[in-house]
Amino acid sequence: MRAKNSSSILFKRSKWLPVVMACTMIVGGALPAPAVVHGQTAKTITIKVDTSKDRKPISPYIYGTNQDLTGDENMAARRLGGNRMTGYNWENNMSNAGSDWQQSSDNYLCSNGGLTQAECEKPGAVTTSFHDQSLKLGTYSLVTLPMAGYVAKDGNGSVQESEKAPSARWNQVVNAKNAPFQLQPDLNDNRVYVDEFVHFLVNKYGTASTKAGVKGYALDNEPALWSHTHPRIHGEKVGAKELVDRSVSLSKAVKAIDAGAEIFGPVLYGFGAYKDLQTAPDWDSVKGNYSWFVDYYLDQMRLSSQAEGKRLLDVFDVHWYPEAMGGGIRITNEVGNDETKKARMQAPRTLWDPTYKEDSWIAQWNSEFLPILPRLKQSVDKYYPGTKLAITEYSYGGENDISGGIAMTDVLGILGKNDVYMANYWKLKDGVNNYVSAAYKLYRNYDGKNSTFGDTSVSAQTSDIVNSSVHASVTNASDKELHLVVMNKSMDSAFDAQFDLSGAKTYSSGKVWGFDKNSSQIKEAAPITQISGNRFTYTVPPLTAYHIVLTTGNDTSPVEGPESFKLKAEAGDGKVHLSWDASSGVVGYSVQRATDENGPFTAVASNLVETSYTDTNVTNGTSYYYKVTAKTNKGSSESNILKAVPKTPVNGPARYEAEEGTLKGTIVESSGTGYSGTGYVTNFHNPGDSLTMTIQAPTAGLYNLTIGYRSPHDDKRTNFSLNGKAFGELLLKKTTDFKETSGGKVLLNAGANMISFETGWGWYDIDYVRLEPAADRPPHAVTKTLTNSD
C-alpha cells in the first residue's frame, strides 16, 4: 500500500500472482556503436571507480519480486504477500480481498495460482505450490503469516458489515496451539494455529537452515492500513503497542518451531506508517523521545528479544512507493508527460542523496527523514543493531517506458550499495512490464546466459548525478571482472563518459550490453578495446542504460578451487539432459558445449544453482561434448568431458514436453497429477502470452500432431503457428484432467521446426506435443466400370 499524504489514502491493487519459472533469454541484434547523437557533440562527464574502496557484499535478494514478469530475469527472491494474505486461511486456502474487492472471501489465491479444486482442498496448497516453484528456481521464499486476528472461514463471497469478525464467517487466528500438531488440521474448531502451519511447512520441507526449507516469514502485511483494507477483520486503527505485542507473540510462535527462520516486520506500507503508524491512536502516549514509529518499533522489539533470550526480528521490512511529482502527476500513477518522466528518473536519488529534494509532500514537510535509506539504517543501528533492512514492495511506475527502465536500473544499483538485504518489485500495472524486466535482466541476465552483476559493490562516482548514474561491482576477491552499470538520464543529449579506474587490477578490454529508448530488449553494443592505464572513454546515448563488463589480461596465478565432480549425460530426442554431483561451497555452475572434444567450448548456461540442466538447442544426429564448471568464492574446477548424440526415435511417436519450450508471459507449474514430464505450461491469460517449442522431424513430410492439454474451466481455443506462419485455431474441449486432442496433419521440414501456442481464449494448460509420421494415403481405387453411362 501507499499513502498520498498523511490524511488521505490511495490504494494500489493487491492481487497476489505466482512468479514464473525462469527461462533463458535470447539476446538478438546489436545496439549501434556509440556516436554523436542528432548532430550534437556529446558532452563529457567523468566516472571514477576504485575497487579498493567502499567494498561491501551485495545481497542477491535485492533482485526479488512479488509477481510474474517475463520469466527470464533470473530473480533471487520471491514473496508471497499482499492484502490477500492478511485473511489467508492455510487450512482451507480461502482468503479475503477486503476493500480491494467487495470484502470477498473466496478461493482467489487458488484459482489465480492455477490450482484445481481438488488441489485447493489440501491444507497449505497456496503456500506449498508457491514454495515448490521457489525451489525449482533456487530462490528465497518469503511467506506472509496472518496477524490481524481472523482469517476467512469460507469462500462464500462478500462479507457484510453485520458479519465482521468475530462471526461465523471467520476463524480466529491463534499463534501458539499449545497442543499436539496435526498435518490435517481440524476444519471445525473455528481456530487457525499459526505455529501449526509453520510446523506443517517444516514437516514437508525441513527447517529454514536446510536447502529446501522456507527461509523467511513476514508478520502480516501493511498493518497501519488494516482498518481500511480489512475493516471486517480489524475495523479499528491498530495501536503502536498493539502492533508490537502482536509481532512479539507471532515471532515467538514461529521461532519455537523453526529457530533459524528469518522474521520480517513490521511491513509498513509507506512514510505515513514510518512516521506515526498512520496516526496510531496511542502514538502520542508511547512516542516519548522517539523521532518516529520506526525507532519505537525497533527498540521495543529489541527489548522483547532481550527478555525472550532470542532475536525476534531479523529483518526490518517496509514498502516504498515514491510520492514524487512531475508535471502535476505522481510518478507511480501513470507514465505521464516529459516532466513526469524526468521526475521518475531523478526519484531514486531520494533513497541516498542528501543534496536532492524531490517534489513531494514528504520532502516538503518531512525532509529531516530524507534520504530514506541512510535514515532507516541510522534507526536500525541505534535501536536494534544487526537487524537487516528490506523493501518488500516498491515501484517507480513507467513500467513500459524507458524512464521506468532507467529508474529501476538505478534503484537496483542503489539497493546493492546501501546494505539492503531484500527488495521485491510490485506490479502496479497488469500485463507486461517490459522496461522493468529489462532493468532486472541488465543485472541478472544481461547476455542471455544468466550472467550477473558482481557480488561485491565498490566505489563508483559520476561528475554529473543529474544526468547520469553509475554502479560498480566485482565478481569475487580476485577482481578479474569489473562490472559497471551506467545510465544516461538526459532526454536528448549523449555524453562521453571518461572512466578513471583505480585498484589492484589493470583492465584490458570490455563488452557492453544495454537497452535504450527505442527498445527494452537487451542487446550487445560495441566492445571496449582501447583501455590505456585503466582509462577509457565511451559514449552513452540519451535515455540508455549499459552494463559494461571489463576483464583483465591472462592471469596464471593459482587459485583454490572446489572439489572435483562427475558429469553424466543422457541424450534424447532433440535434447541432452545433464546431471552432476553437488560440490561443496559452490556459488554457481556453468555448462559449456563444443562439437569437438578439444573445443572450443561455449557456455550454454551460467550461474546455475541446480545440479542438472537440459540442453534443447541441439540437432539430432550431431555429436556434442559437454563439461561443467563449478565456481566458488576461491576458484573453480571442471568436470569430466562427456559426449552425447541426440537422436530421433526410429519407431513410434516423439514426445516434446511443454516445460522445455520457450515461455513468454506463461509459466511452468507442477501442481496436481496426470501431466507428463516435470510439469506443464499455464498462465495463458494475456494477449501475447505464448509457448514456443522446437520439434524435430527426421525427414520432410506429413506428420500427425497430438497435443496433451487441460482446460478445466470451459471449452477454449488456442491460436497456434508452425515455423512462423499461422496454422489456425485449435479447440480444447473442457476437461479437468489432462487429455489429448488432435492437431491434425502438419507438413514439416526435415530437422528443426518451431510450433507456437498463443493465448487465444486463454485459461488452459499445455502438457506436451506428440509427433508421429502420418500413414501414406492408399492409392485411389479406380475401376473400369462407368458409374453413369450417360
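## Helix α12 and its neighbours

The buried residues of α12 pack against α7 (271-276), α9 (293-308), β16 (315-320), β19 (388-394) and α13 (402-417), where contact means heavy atoms within 4.5 Å. This is a predicted model, in which local features need pLDDT of at least 70, side-chain atom pairs count only at pLDDT 80 or more, and totals for chains, interfaces and linings use all residues. Residues are numbered from 1 along each chain as its sequence is written, and side-chain values use heavy atoms, with hydrogens and water left out. As for the element names, helices (H or I, at least four residues) and strands (E, at least two) are DSSP runs, numbered from the N terminus.

Which residues of α12 are buried? They are Ile-372, Leu-373, Arg-375, Leu-376, Ser-379, Val-380 and Tyr-383. Buried here means under 20% relative accessible area, with exposed over 50% and partly exposed in between (1.4 Å probe, protein chains only). Look down the axis of α12 and its buried residues fall within an arc of 170°, so they line one face of the helix; that arc is taken from the directions from the helix axis to the C-beta atoms. In general, an α-helix has 3.6 residues a turn, so residues three or four places apart point the same way.

The length of α12 (residues 372-383) works out too: its 12 residues should span 16 Å at 1.5 Å a residue, and the end C-alpha atoms are 17 Å apart, which agrees. The expected span is 1.5 Å times one less than the number of residues.

## Helix α13

Next up is α13, one of the elements that α12 packs against. α13 has 16 residues and reaches 23 Å from its first C-alpha to its last, close to the 22 Å expected at 1.5 Å a residue. Most of α13 is covered, with 15 of its 16 residues buried. After α13 comes Asp-419, whose phi is positive, near 65°.

How many of the 7 residues of β15 are buried? For this strand (residues 262-268) the count is 7 of 7, so β15 is largely enclosed by the rest of the structure.

Strand β14 (residues 216-219) runs parallel to β15, joined to it by 3 bridges; two strands pair if DSSP finds at least two bridges between them. Gly-216 has Glu-262 in β15 as its bridge partner. β15 also pairs with β16 in the parallel sense, over 4 bridges, and here Pro-266 stands opposite Asp-317 in β16.

β43 pairs with β44 (residues 725-732) in the antiparallel sense over 7 bridges, and Arg-717 stands opposite Leu-731 in β44. The two strands form a hairpin with 2 residues between them, and Asn-723 in the turn has a positive phi of about 50°. β43 is also joined to β46 by 4 bridges, running antiparallel, with Phe-720 opposite Phe-757 in β46.

Where does Thr-759 lie? Thr-759 is in the loop between β46 (751-758) and β47 (765-773). With 7% relative accessibility, Thr-759 counts as buried. Leaving aside residues up to four places away in sequence, the contacts of Thr-759 include Phe-684, His-685, Arg-717 and Tyr-764.

One more piece to find is an open sheet of 3 strands in the order β7-β8-β11, with antiparallel pairing. Its edge strands are β7 (95-96) and β11 (157-158), each pairing on one side only. Strand β8 (residues 104-106) is joined to β11 by 2 bridges, and Ser-105 stands opposite Gly-157 in β11.
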